[in-house]
Amino acid sequence: MHAELYTDGIEEITVSGTIVRIDLVSLSPTERDANNVPKRVFSQRLIFSVESFANSVDVMQKALQGLVDAGAVRRNPTAESRSDASGVRDALPPNTRSLNVSSNFR
């Protein structure tokens with residue numbers, strides 16, 4: 001059997017030269033913020049070459065489009081949303097999207 005990994009999300013993506021590091025987070029079962037919401041805590045890191053990262057993003061975009069086409073994910077078009085070449089719009093307006101990138105991309 002192969003090991004499997006579950007993550008609640010990506011906290012940060014850092015690019016250093018030709019290496020891309022993606023920090024994965026999980027919701028803490030014990031730590032809570034001031035609003036009693038589980039805190040996001042670092043769980044593991046994925047490390048890619050720039051080329052491997054670009055290929056992985058392409059695979060994920062195709063998977064997302066398949067989910068949209070199947071109706072499993074619904075995109076909410078808004079006037080502020082940007083469209084990519086395929087016409088797929090961002091799921092969240094820019095002001096409500098959580099930051100998943102490092103200072104390298106700001």
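This briefing walks through the nonpolar core, the salt bridges and one serine of the structure above. The model is predicted, so local features need pLDDT of at least 70, side-chain atom pairs count only at pLDDT 80 or more, and totals for chains, interfaces and linings use all residues. Residues are numbered from 1 along each chain as its sequence is written, and side-chain values use heavy atoms, with hydrogens and water left out.

**The nonpolar core**

- The largest nonpolar core has five residues: Ile13, Val20, Ile22, Leu24 and Phe48.
- Strand 2 (residues 19–32) gives the most to this core, with three residues.
- A nonpolar core here is a set of buried Ala, Val, Leu, Ile, Met, Phe, Trp, Tyr and Cys residues joined through side-chain atoms within 4.5 Å.
- Buried means under 20% relative accessible area, exposed means over 50%, and partly exposed is in between (1.4 Å probe, protein chains only).
- Helices (H or I, at least four residues) and strands (E, at least two) are DSSP runs, numbered from the N terminus.
- In soluble globular proteins, nonpolar side chains tend to be buried together.

**The salt bridges**

- How many salt bridges does a search of the whole structure find? There are three, each with a side-chain nitrogen of Lys or Arg within 4 Å of a carboxyl oxygen of Asp or Glu.
- Glutamate 11 pairs with arginine 40, and their closest N and O atoms are 3.1 Å apart. Glutamate 11 is in strand 1 (residues 9–16) and arginine 40 is in strand 3 (residues 38–49), so the pair ties together parts that are 29 residues apart in sequence.
- Both partners are partly exposed, glutamate 11 at 37% and arginine 40 at 39% relative accessibility.
- Arginine 45 meets aspartate 23 at 2.6 Å, N to O. This pair links distant parts of the chain, with arginine 45 in strand 3 and aspartate 23 in strand 2, 22 residues apart.
- Here arginine 45 is partly exposed at 43%, whereas aspartate 23 is buried at 11%.
- Aspartate 58 and lysine 62 form a salt bridge at 3.3 Å, N to O. Both lie in helix 1 (residues 50–70), four residues apart, about one turn of the helix.
- Aspartate 58 is partly exposed at 35%, while lysine 62 is exposed at 57%.

**A look at serine 28**

- Serine 28 lies in strand 2 and is buried, at 6% relative accessibility.
- The side chain of serine 28 reaches the backbone nitrogen of glutamate 31 at 2.8 Å, and a polar atom of that side chain lies 3.1 Å from the backbone nitrogen of threonine 30.
- Not counting residues up to four places away in sequence, serine 28 touches Pro38, Lys39 and Val41, where contact means heavy atoms within 4.5 Å.

Terms used:
Polar contact = N/O pair within 3.5 Å; in protein donor to acceptor, adjacent residues only side chain to side chain.
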